[in-house]
Amino acid sequence: MRGFLASSIGVTCAAALALPLTLPTTSHAAPTVAQDVLPGSTQSLPLTNLTATRAAGAPQEQGLPQRDVRPFSLVGVVWDDPNVELDGHVQVRTRTTGTTTWSAWQDVESHNDDAPDPDTPERTSGHVRGSTAPLWVGDSDGVEVRVKAETTRAAPQGEGAVLPEGLRLELVDPGDEPSQGAPADGPRGAALTAESAAASAVNAELAPLGATAIPALTKKSTEDELIEARGGEPDATKVRPYVGARPRIVTRKGWGANEKLRERDFVYTKTVKAAFVHHSASGNNYRCSQAPSVIRSIYRYHVKSSGWRDVGYNFLVDKCGTIYEGRAGGVARPVMGAHTLGFNTNSMGIAVLGTFGRSNPPKAALNAIAKLTAWKLGLYGANPRGTTYLKSGGGNLYRKGKNVRLHVISGHRDGFATECPGRRLYNKLGKARTSSARLQGR
């Protein structure tokens, strides 16, 4: 446990270099889109005007008519400029693979406010695009999409509402789940690749190298480890830290992360003062057994389609309450995410898989949020029932540089003008704060 208090970069590099690695010698997948030989694929299809001519003052509308495509399970729309919003309605219809059955039109959340902070290397890399939230549709091989601009949006020369430039439909296939013992980025039966080893090594003090899950600890064992990490003697002290029992966490290897997709290095902040709760806005039509596939799809969408360095969230939680490691760098460390535009420094992001504007969040997911925050915030001395100050990196609610007072457990909408994490999940955060504090022993 001492490792998470040490230099994160030093520990990561030393652990990775000390590992006996067997690198893959052959590719295990045929080339997919854009010569991509990695598991899974992304089809990127440019949208076109749905009408040959547009009446003066009419809103712009783009899309694609029904068409056959290679199998996919998640959809989203991206555009060239990440600083331009898509003010409009995005809807898709999909056809279940191997059938003639088309779904009804489904709404795609057009405002995706999870993003790297302004002026950070991740944001200014030149790779970041504007993007909608992703929508999980299940195994499909046909698609139709329509995107219509809002009529209230001002447009030049009175031409009516317009859409961002470079609209493309992204169709994501998460790929098959790797077999036990095989990394997602290497052939079956191979030892850990350098990328997989590095992602696992940063959790090496919590679980064996290559583990698919970090095991749960009792509250006393968690307290003892934290006392020892702070230089104390667990059996000699009578003052116990306020920290919740470490919950079981499925690692990136456990959900099948392809470590060759992300950027290789890890980025850290100084501490973790707050947790922002999100919903993925990807819909509720998934089984818990499909959660790893949903996460692999979101990961690929964030990296390949949105242009981020890794999946944006630090943790993800499914409807059954299973907790998953998100952005690589170590679950106990202060890894910088791309979850709350303007407030990614000294915070962590937790996304519940689903959409909770009109649907109630499952009790199991709320319990998982409480357990996870009681542990992770406790490592950094944060009180889940308290408030803290974070300096804004710039957003649509707070100017850059402003010190903002926030709940230690906040909803995404507390730091950015957005519907996330959905009204019904947001309304449950008070209970989550109370439960988390109680689990810390407060």
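# Reading the fold: a tutorial

User: Where does Leu 261 lie?

Analyst: Leu 261 sits in the loop between helix 4 (252-255) and strand 11. Helices (H or I, at least four residues) and strands (E, at least two) are DSSP runs, numbered from the N terminus. This is a predicted model, where local features need pLDDT of at least 70, side-chain atom pairs count only at pLDDT 80 or more, and totals for chains, interfaces and linings use all residues. Residues are numbered from 1 along each chain as its sequence is written, and side-chain values use heavy atoms, with hydrogens and water left out.

User: Is Leu 261 buried or exposed?

Analyst: Buried means under 20% relative accessible area, exposed over 50%, partly exposed in between (1.4 Å probe, protein chains only). Leu 261 counts as buried because its relative accessibility is 11%. Its C-alpha atom is 8.5 Å from that of Arg 309, 48 residues apart along the chain. Across the protein chain, buried residues make up 56% of the 442 residues.

User: Which residues of helix 2 are buried?

Analyst: They are Glu 195, Ser 196, Ala 197, Ala 198, Ala 199, Ser 200 and Ala 201. Helix 2 (residues 194-201) is thus mostly covered, with seven of its eight residues buried.

User: How do I read a sheet? What is the strand order here?

Analyst: Strands of a sheet pair through backbone hydrogen bonds, either parallel or antiparallel. Two strands count as paired if DSSP finds at least two bridges between them. Here an open sheet of seven strands runs 9-10-13-12-14-11-17, with mixed pairing. Strand 9 (213-214) and strand 17 (409-411) are the edges, each pairing on one side only. Strand 17 pairs with strand 11 in the parallel sense, over three bridges. In that region, Val 277 stands opposite Gly 411 of strand 17.

User: Which strands does helix 6 lie across?

Analyst: Helix 6 lies across strand 10 (249-250), strand 11, strand 12, strand 13 (323-325), strand 14 and strand 17. It runs at about 165° to strand 14. Axes are lines fitted to C-alpha atoms, for helices over the stretch in contact (heavy atoms within 4.5 Å), and angles run from 0 to 180 degrees between N-to-C directions.

User: What makes up the largest nonpolar core?

Analyst: A nonpolar core is a set of buried Ala, Val, Leu, Ile, Met, Phe, Trp, Tyr and Cys residues joined through side-chain atoms within 4.5 Å. The largest has 34 residues, and Phe 315, Trp 375 and Leu 377 have the most contacts inside it. Strand 11 (274-279), strand 12 (315-317), strand 14 (347-352), helix 6 (363-379) and helix 8 (429-440) each supply at least two residues. Helix 6 gives the most, with eight. A second, separate core of 23 residues includes Leu 45, Leu 47, Val 92 and Leu 163.

User: How many cavities does a search of the whole structure find?

Analyst: Rolling a probe the size of a water molecule over the atoms shows where empty space is left. On a 1 Å grid over the protein atoms alone, a cavity is a set of points where a 1.4 Å probe fits but cannot get out; a pocket is an open set with protein on both sides within 12 Å along at least five of seven lines; lining residues have an atom within 4 Å of a point. The search finds two cavities of 30 Å³ or more.

User: Which residues are closest to the centre of the largest pocket?

Analyst: Of its 35 lining residues, they are Asp 107, Val 108, Glu 109, Ala 281 and Thr 355.

Note on methods: Grid points are joined across faces, edges and corners, and a volume is the space filled by probe spheres set on the points.
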